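Hello,

Here is the structure we spoke about, for you to look over. My notes on what was found follow below it.

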Amino acid sequence: ETLLVAEDDDAVRHLTVAVLEKTGFNVLSARDGGEAVDLFGKNAQHISLALLDVVMPRRSGREVAGILRGMRPELPVIFCSAHDFNLLANGLPPDACTTILHKPYSAEELLAAIGGVLPATVSGRPVD
């Protein structure tokens with residue numbers, strides 16, 4: 001499975017990518033929303049899930065999700081943020097393909113969130 005990770009904090013992005021790659025995922029990583037849209041446009045048929053920071057330069061996670069789902073409406077999205085989730089929940093699409101993950105998150109929490117929307121891809125994968 002190929003996952004798209006869009007996160008403007010270098011440390012969080014590198015750690016997230018490292019955990020996902022160690023777990024066996026292919027990962028495309030973007031430093032901001034604009035880069036995420038570009039990567040998705042070039043790889044849309046291969047991406048199984050988008051993990052998007054809510055607050056990013058160039059395009060917000062919400063804006064990126066709207067663009068990606070315009071191309072692939074069924075695409076699962078996990079929004080990540082350290083901001084108040086009660087405020088973030090307003091305006092996020094309430095559907096089975098949307099999950100919110102609070103930062104900072106552990107490897108276990110990250111994989112559990114992915115398993116919630118892509119259960120067949122996470123079962124049996126090592127976490128450490």
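The crossing of α1 and α5 is right-handed. Thr16, Val19 and Leu20 of α1 make the contact, together with Ala107, Leu110, Leu111 and Ile114 of α5. Sorted by class, the residues of this contact are six nonpolar, one polar and no charged. The two helices cover residues 10-22 (α1) and 107-117 (α5), and they pack at an angle of about 65° with their axes 11 Å apart. Angles from 65 to 115 degrees count as roughly perpendicular, and α1 and α5 are therefore roughly perpendicular to each other.

Please keep in mind that this is a predicted model.

The chain as a whole

The chain holds six helices and five strands. Read from the N terminus, the order of elements is β-α-β-α-β-α-β-α-β-α-α. The chain has 128 residues, of which 50% count as buried. Taking contacts between residues at least 6 apart in sequence, 57% join residues at least 24 apart.

The packing of α2 on α3 has an angle of about 10°, and the axes are 10 Å apart. That makes α2 roughly parallel to α3, because angles under 35 degrees are counted that way. On the α2 side, the contact is made by Gly33, Ala36, Val37 and Phe40, and on the α3 side by Val64, Ile67, Leu68 and Met71. The contact of α2 with α3 has seven nonpolar residues, one polar and no charged. As for the spacing along such a helix, an α-helix has 3.6 residues a turn, so residues three or four places apart point the same way.

Arg69 is in helix α3. Is Arg69 buried or exposed? Its relative accessible area is 13%, and Arg69 counts as buried because the cut-off is under 20%. A polar atom of the Arg69 side chain lies 2.9 Å from the backbone oxygen of Leu75.

Arg72 sits in the loop between α3 and β4 (77-81). With a relative accessible area of 18%, Arg72 is also buried. The side chains of Arg72 and Glu74 are joined by a polar contact of 2.9 Å. Leaving aside residues up to four places away in sequence, Arg72 touches Phe40, Ala44 and Ile47.

Regards

Terms used: Residues are numbered from 1 along each chain as its sequence is written. This is a predicted model: local features need pLDDT of at least 70, side-chain atom pairs count only at pLDDT 80 or more; totals for chains, interfaces and linings use all residues. Side-chain values use heavy atoms; hydrogens and water are left out. Axes are lines fitted to C-alpha atoms, for helices over the stretch in contact, and angles run from 0 to 180 degrees between N-to-C directions. Helices (H or I, at least four residues) and strands (E, at least two) are DSSP runs, numbered from the N terminus. Angles under 35 degrees count as roughly parallel, over 145 as roughly antiparallel, 65 to 115 as roughly perpendicular and the rest as oblique. A crossing is left-handed if the near helix is turned anticlockwise from the far one by less than a right angle, and right-handed if clockwise. Contact means heavy atoms within 4.5 Å. Ala, Val, Leu, Ile, Met, Phe, Trp, Tyr, Cys and Pro count as nonpolar, Asp, Glu, Lys and Arg as charged, and the others, Gly among them, as polar. Buried means under 20% relative accessible area, exposed over 50%, partly exposed in between (1.4 Å probe, protein chains only). A polar contact is a pair of N or O atoms within 3.5 Å; within protein, one must be able to donate a hydrogen and the other to accept it, and residues adjacent in sequence count only if both atoms are side-chain atoms.
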